[in-house]
Amino acid sequence: MRIRISEDISSKCFIEKGQKMNIDPKARAKILIEALPYIQRFRDAIIVVKYGGNAMVDHNLKENFAKDIVLMRYVGLRPIVVHGGGPQIGKYLRELGIESRFVDGIRITDERSMDVVEMVLCGKVNKEIVHLIERSGGKATGLSGKDGSLILAEKMRYYRPQGKDEPPELIDMGLVGEIRKINNAILWTLLERQFIPVIAPVGVGKDGMTYNINADTVAGQIASSLNAKKLILLTDTEGVKDRDGSLISSIDVNTATELIDSGIIRGGMIPKVRCCIDALRGGVEKSHIVDGRVEHALLLEIFTESGIGTEIIL
């Protein structure tokens, strides 16, 4: 697999999976110069990154993600990381003999499962990401949505469509939550002190209950609450594709909605695109769906002209 970095240097410079880049000095300098206007444009900009999928499992991808985040901070951007942890949660549940049940891709979370979710997300996964960023030279702080009442939530009411003439079925999803409010004061404090917030997607209700919340949704609403410059979702796909299966590099909200309605955007890509649309309507300037399996995907999307994923705009 190879990923084009820039149209005008593509014949000289490619990232090859499992290989080091072989770039002549002029091409290397051109890459740095290509990044300059983006470094200038995004200085002091808040960039919210949803970190998930294979990028959280593969050792090299984890190391490179941490380095990318640190580089972003050192050149003047203000990144915030919101992470998932589905595979890790599934592993621990299996080891404990707890069955994982899903409805339309959403994990039903009873009290016993919620204990595991919170332990894995807020403990193991969150702290590992913080450690990787710190080891790469950054200053990171791990948070959950319960810290500083960052994410106020309530129990999700999930209705699943049934037959044509039947009313939707109300499904009890357990301790799966919906966001009611983002209290972002703690995030502003951390950003002002040059820290990189790393956020686990659990929230707290008025009743004191802890809720499991979709990480894409958390990232989108945090981005909106801060008027972030960009929301970037790292996934295990190249991005949004058209009817022929070709990557769409840029798309507006109206066209994206039409592609969902027509069934061209389908399956697990639908909630990701809708998350991006909601973030844009909430004040985020641009949103991106990017293949996290590509090394240094963040840098390629932010600091090059062609990028590598799908950019969604209003």
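1. Threonine 217 sits in helix H6 (helices are DSSP runs of H or I with at least four residues, strands are runs of E with at least two, both numbered from the N terminus). With a relative accessibility of 30%, threonine 217 counts as partly exposed (buried is under 20% relative accessible area, exposed over 50%, partly exposed in between, using a 1.4 Å probe and protein chains only). Leaving out neighbours within four places in sequence, threonine 217 touches Ile179 and Cys275 (contact means heavy atoms within 4.5 Å). Arginine 274 is 57 residues from threonine 217 in sequence, yet their C-alpha atoms are 9.4 Å apart.

2. A word on the basis: this is a predicted model, where local features need pLDDT of at least 70 and side-chain atom pairs pLDDT 80 or more, while totals for chains, interfaces and linings use all residues. Numbering runs from 1 along each chain as its sequence is written, and side-chain values use heavy atoms, with hydrogens and water left out.

3. Now the partner of H6. H6 (residues 215–225) packs on H8 (residues 269–281) at about 10 degrees, axes 9 Å apart (axes are lines fitted to C-alpha atoms, for helices over the stretch in contact, with angles from 0 to 180 degrees between N-to-C directions). H6 and H8 are therefore roughly parallel (under 35 degrees; over 145 is roughly antiparallel, 65 to 115 roughly perpendicular, the rest oblique). On the H6 side, Asp216, Thr217, Gly220 and Ser224 meet Lys272, Cys275, Asp278 and Ala279 of H8. Those contact residues split into two nonpolar, three polar and three charged (Ala, Val, Leu, Ile, Met, Phe, Trp, Tyr, Cys and Pro are nonpolar, Asp, Glu, Lys and Arg charged, the others, Gly among them, polar).

4. Compare H3 (residues 86–95) and H4 (residues 111–135): here the angle is about 130 degrees, with axes 9 Å apart. That makes H3 oblique to H4. Gln88, Ile89, Tyr92 and Leu93 in H3 meet H4 residues including Val116, Val120 and Lys124.

5. Which residues of H5 (residues 185–192) are buried? Leu187, Leu190 and Leu191 are. They span an arc of only 100 degrees around the axis, which puts them on the same side of H5 (the arc of directions from the helix axis to the C-beta atoms). Their cover includes H2 (59–74), S7 (140–144) and H6. On the face turned away from the buried side are the exposed Ala185 and Glu192. Just after H5, glutamine 194 has a positive phi of about 70 degrees.
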